[in-house]
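Subject: the model we talked about

Hi,

Here is the structure I promised to send over. Have a look at it first, and my notes follow below.

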Amino acid sequence: MTEASKARCWFIVPLELLAKSIARLPQPMLVRLGSVLAVLMRPLLGKRRRYARINLDLCFPALDIAQRERLLTDNLRATATGALELLRAWYAPASALEGLAEVEGLEHLRAATASGRGVLLFGGHFTHSELAARLLQQASGQPVHVVVRRNNNRCLEAMFDSARRRAFAGTIAKKDVRGLLRTLSQGGVVAYSADQNFTYQNAFVPFFGIAAATLTATPDLARRGKAVVLPFWFHRGGDGRYRLRIEPQWSGWPSNDPAADAARYMSELEQVVRQHPEQYLWVHRRFKTRPPGEASVYR
């Protein structure tokens, strides 16, 4: 980094010191701080709050307006807490994570890695996804790679990437297919989700009854990387501890029908989201891309 770059990134040092302090907070204090942060950030989240409200209106029509507003409030609180959980994933020492997670299904991961094949941990975008990957890594002793979206700010991206590389086995950019395949072919374990809006290699399949543009390439990526695909789900309980679950491969998945495989993924994800809907990333424009002739739902 040049001297000019260091000067532009002067704020990174104090920001990292704050992040490391937050990462070491006791879990009850971190969750309470998340609730406070949600209130403080509310004026800054107008657009994201609107996206989340529209998503919840579309996906939970059986709830009345008051119930959906409560769900929206809970979701924004979980989203704000998720920012703090991200810092815990990146900066917390192993000792600070002890006792925070219960993991079910580790035998599926161990059997897959023992075969020498790579593993694609297939999950969804929840508010604490990277922390779940870090907790699984610690509980299993198996290094985990994470797929990430690079930050447009060079200073922040340098900070984020450095933190992730210390916390995880490695990072793979969202569109770095070669990097993903290389990691899988070398027997790596990758935490991976394909449930956001995709404008390429997609199919419109139901998600909460709404046509959602969903990536169809995951089975092909697993095949090319010679990887085992294991569903990976998680949530934060009312006691502040995390429940992680690895499931065996879905029967009959993948098939020879990419759209049907994407629909199965969305169906399985929907069942999990319904159990703890406040912890899903509803602030994302999941239904941004519409089938031909359909108007945007976010106007």
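A word on naming before anything else: helices (H or I, at least four residues) and strands (E, at least two) are DSSP runs, numbered from the N terminus. Keep in mind that this is a predicted model, in which local features need pLDDT of at least 70 and side-chain atom pairs count only at pLDDT 80 or more, while totals for chains, interfaces and linings use all residues. Residues are numbered from 1 along each chain as its sequence is written, and side-chain values use heavy atoms, with hydrogens and water left out.

Gln-201 sits in the loop between S5 and strand S6 (202-207). It isn't a glycine, yet Gln-201 has a positive phi of about 40°.

Phe-208 is another non-glycine with a positive phi, of about 55°. You'll find Phe-208 in the loop between S6 and strand S7 (210-215). Phe-208 counts as buried, because its relative accessibility is 6%. There is also a cis peptide bond between Trp-253 and Pro-254, with omega at about 0°. Pro-254 belongs to the loop between strand S9 (242-246) and H12.

Helix H10 and Thr-183

Helix H10 covers residues 177-185, and Thr-183 is part of it. The buried residues in H10 are Gly-179, Leu-180, Leu-181, Thr-183 and Leu-184. What covers them? Contact here means heavy atoms within 4.5 Å, and the cover for the buried residues of H10 includes strand S2 (118-123), strand S3 (144-148), strand S4 (170-173), strand S5 (189-193), helix H11 (218-224) and strand S8 (227-236).

Thr-183 counts as buried because its relative accessibility is 11%. Its side chain reaches the backbone oxygen of Gly-179 at 2.9 Å. That is a polar contact in the sense of a pair of N or O atoms within 3.5 Å; within protein, one must be able to donate a hydrogen and the other to accept it, and residues adjacent in sequence count only if both atoms are side-chain atoms. Setting aside neighbours within four places in sequence, Thr-183 touches His-145, Ile-172, Gly-188 and Val-190. Just after H10, Gly-187 takes a positive phi of about 90°.

Aromatics

For aromatic pairs, rings of Phe, Tyr and Trp (its six-membered ring) pair if their centres lie within 6.5 Å; planes under 30 degrees apart count as stacked, over 60 as edge-to-face and the rest as tilted. By this rule there are 20 aromatic pairs. Tyr-51 and Tyr-298 are edge-to-face, because their ring centres are 5.5 Å apart and their planes are at 70°. Tyr-51 lies in helix H4 (residues 46-59) and Tyr-298 in the segment after helix H12 (258-275), so the pair ties together parts that are 247 residues apart in sequence. Tyr-51 is buried at 6% relative accessible area, and Tyr-298 is buried at 6% too.

Phe-198 and Tyr-200 make another edge-to-face pair, 5.5 Å centre to centre with 80° between the planes. Here Phe-198 is buried at 6%, whereas Tyr-200 is partly exposed at 33%. Phe-208 turns up again in an aromatic cluster with Phe-60, Phe-126, Phe-207, Phe-232, Phe-234, Tyr-280, Trp-282 and Phe-287.

Salt bridges

How many salt bridges does a search of the whole structure find? It finds 18, where a salt bridge is a side-chain nitrogen of Lys or Arg within 4 Å of a carboxyl oxygen of Asp or Glu. One of them joins Asp-161 and Arg-150 at 3.1 Å, N to O. Asp-161 lies in helix H9 (residues 154-167) and Arg-150 in the loop between S3 and H9, so this pair ties together parts that are eleven residues apart in sequence. Asp-161 is buried at 16%, and Arg-150 is partly exposed at 29%.

Glu-270 bridges to Arg-274, with the closest N and O atoms 3.0 Å apart. Both lie in helix H12, four residues apart, about one turn of the helix. Glu-270 is buried at 16%, while Arg-274 is partly exposed at 44%. Finally, Glu-102, Asp-239, Arg-241 and Arg-243 are linked in a salt-bridge network.

Cheers

Note on methods:
Buried < 20%, exposed > 50% of the residue type's maximum accessible area, 1.4 Å probe, protein only.
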